[in-house]
Amino acid sequence: MKTVSVGRRKFSAEFQLVFRLIKGLIFITFISIIIILIAIPHMTVQDIFVCILAFMPTGWGLLLIAQTMRSAISHMGLWGSVKALARGYEIIMGLLLFTPIAFLAWFPFVSEFQTRMLFNQAFSRGLQISRILGGHKKDRAARNKE
């Protein structure tokens, strides 16, 4: 992620081909690491997924520690790397959280289920929206008398 962020700043305008080659090499390296992890230690895709989910909180914790030590890290010149990693974590977590929601939003049964769950339970408990929005009429009459 840091390589792509530095490459975007340095190569994106003048050296478009070099930037695309760097991104392609990063992709090929990532795919080859996944293939090596599957082939040599006989890991399954589920094992790799579990490892990624296990290391994500660790990385987030390290990012939080780095944010608290910002003054020391900025003197070392690593603050740009911390920001790039934090941005990547935000993107990945957003994708993990909102992709299932967006996928379920395409189906019409979800909105029907949501409508039934929200309104039927609320009205079955005696909740009346007009009383909440309008306030209690008995209290108003008592205040006006005082």
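Q: What makes the crossing in which α3 passes α5 left-handed or right-handed?
A: In this predicted model, α3 passes α5 in a left-handed crossing, a term for a near helix turned anticlockwise from the far one by less than a right angle, clockwise being right-handed. Residues are numbered from 1 along each chain as its sequence is written, and side-chain values use heavy atoms, without hydrogens and water. Local features need pLDDT of at least 70 and side-chain atom pairs count only at pLDDT 80 or more, whereas totals for chains, interfaces and linings use all residues.

Q: Why are α3 and α5 called oblique to each other?
A: The axes of α3 (residues 45-68) and α5 (residues 79-105), lines fitted to C-alpha atoms over the stretch in contact, with angles from 0 to 180 degrees between N-to-C directions, come within 10 Å and cross at roughly 140°. Angles under 35 degrees count as roughly parallel, over 145 as roughly antiparallel and 65 to 115 as roughly perpendicular, the rest being oblique; α3 and α5 are therefore oblique.

Q: How do you know which side of α1 holds Val-4, Ser-5 and Gly-7, the buried residues of that helix?
A: Val-4, Ser-5 and Gly-7 are the buried residues of α1 (residues 2-11), buried meaning under 20% relative accessible area, exposed over 50% and partly exposed in between, with a 1.4 Å probe and protein chains only. The directions from the helix axis to their C-beta atoms cover an arc of only 165°, which puts these residues on the same side of α1. On the other side, Arg-9 and Lys-10 are exposed.

Note on methods: Helix = DSSP H or I, 4+ residues; strand = E, 2+ residues; numbered from the N terminus.
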